[in-house]
Amino acid sequence: MRNLNQWLDEYNDSHQHPGNKRIHYWCVPAIAVCTVALLWLVQIPATQVNLGQVILIGAMFFYGYLSGRLALGMLPFVILLAAGIMAYQSYVAFPLWIPAAVIWIIAWIFQFIGHKEEAQKPSFFTDILFLLIGPLWILGALYDKLGIRFRKN
């Protein structure tokens with residue numbers, strides 16, 4: 001298992017082009033939100049639990065394993081994401097899967113445009129866990145700008 005620095009450094013290697021970075025700063029959160037929203041609609045049989053909840057909990061354990069500071073930074077996002085999905089389901093009659101799927105597809109198209117510009121394949125082609133690293137990479141960039149230390153030496 002890679003450590004935090006290895007994950008982020010490897011992810012960063014294929015995200016150097018300024019245009020690709022800008023695309024990722026917008027599209028990674030959109031894809032994360034829409035993926036969770038779509039998985040939220042998949043109930044686990046004989047439970048009150050859905051796949052979106054399981055993914056969020058698993059992601060938070062993974063983030064905590066890699067970095068407590070990054071996990072704490074992701075926690076408000078995860079809570080707002082879950083609350084937003086539940087609010088949407090409670091107050092909006094339009095099926096959640098439609099806007100989630102449309103935004104998800106558009107964001108992925110932009111991601112692939114960014115990687116074509118970068119001339120690098122997406123990181124998740126080598127390891128599916130890079131789908132969880134993208135949001136940490138963005139939060140790490142924010143932490144760097146704010147001077148918050150999060151990398152283990």
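Predicted model: local features only at pLDDT ≥ 70, side-chain atom pairs only at ≥ 80, totals over all residues.
Figure 1. Trp 108 pairs with Phe 112 in a tilted arrangement, with 5.7 Å from centre to centre and 35° between the planes. The two residues are four apart in helix H5, so about one helical turn separates Trp 108 from Phe 112. Phe 112 itself is partly exposed, with a relative accessible area of 35%.

**Figure 2. Trp 104 and Trp 108, an edge-to-face pair.** Searching the whole structure turns up 12 aromatic pairs. In one of them, the rings of Trp 104 and Trp 108 have centres 6.1 Å apart and planes at 70°, so this pair is edge-to-face; the label applies because planes over 60 degrees apart are counted that way. Helix H5 spans residues 97–118, and Trp 104 and Trp 108 sit four residues apart in it, so they are separated by about one helical turn.

Figure 3. Which residue places its charged end over the ring of Trp 7? That residue is Arg 2, and its charged end sits 4.3 Å from the centre of the ring.

**Figure 4. Asp 127 and its contacts with Arg 2 and Leu 129.** Asp 127 lies in the loop between H5 and helix H6, the latter covering 130–146. A polar contact of 2.8 Å links the side chain of Asp 127 to the side chain of Arg 2. The side chain of Asp 127 also has a polar atom 3.0 Å from the backbone nitrogen of Leu 129. Once neighbours within four places in sequence are set aside, the residues in contact with Asp 127 are Arg 2 and Trp 7.

Figure 5. Look for His 24 in helix H2, which runs through residues 18–40. Is His 24 buried or exposed? His 24 is buried, with a relative accessible area of 1%. The side chains of His 24 and His 115 are joined by a polar contact of 3.1 Å. Not counting residues up to four places away in sequence, His 24 touches Tyr 11, His 15, Pro 29, Gln 111, His 115, Trp 137 and Ile 138.

**Figure 6. Leu 66 and the chain segment around Leu 4.** Leu 66 has its place in helix H3, residues 51–66. With 3% relative accessibility, Leu 66 counts as buried. Beyond its neighbours within four places in sequence, Leu 66 is in contact with Arg 2, Asn 3, Leu 4, Trp 7, Ile 133, Leu 136 and Lys 152. Arg 2 and Trp 7 are also the contacts listed for Asp 127.

**Figure 7. Ile 113, a partly exposed residue of helix H5.** Ile 113 is found in helix H5. Its relative accessibility is 43%, so Ile 113 counts as partly exposed. Ile 113 and Pro 18 are 95 residues apart in sequence, and their C-alpha atoms are 13 Å apart in space.

**Figure 8. Stepping back to the whole chain.** For orientation, the secondary structure of the protein chain comes to six helices and zero strands. The C-alpha atoms fill a box of roughly 45 × 35 × 30 Å along the principal axes. A compact globule of 153 residues would have a radius of gyration near 15 Å, and the 16 Å of the protein chain agrees with that. Of the 153 residues, 39% count as buried. Among contacts with a separation of 6 or more, 71% are accounted for by residues 24 or more positions apart. The accessible surface comes to about 9,000 Å², and 70% of it belongs to carbon and sulfur atoms.

Conventions. Residues numbered from 1 in each chain as written. Heavy atoms only, no water. Phe/Tyr/Trp six-rings, centres within 6.5 Å; stacked < 30°, edge-to-face > 60°. Buried < 20%, exposed > 50% of the residue type's maximum accessible area, 1.4 Å probe, protein only. Lys NZ or Arg CZ within 6 Å of the ring centre and 35° of its normal. Polar contact = N/O pair within 3.5 Å; in protein donor to acceptor, adjacent residues only side chain to side chain. Contact = heavy atoms within 4.5 Å. Rg over C-alpha atoms; globule rule 2.2 N^0.38 Å. Areas by Shrake-Rupley, 256 points an atom, 1.4 Å probe, with all protein chains shown as cover.
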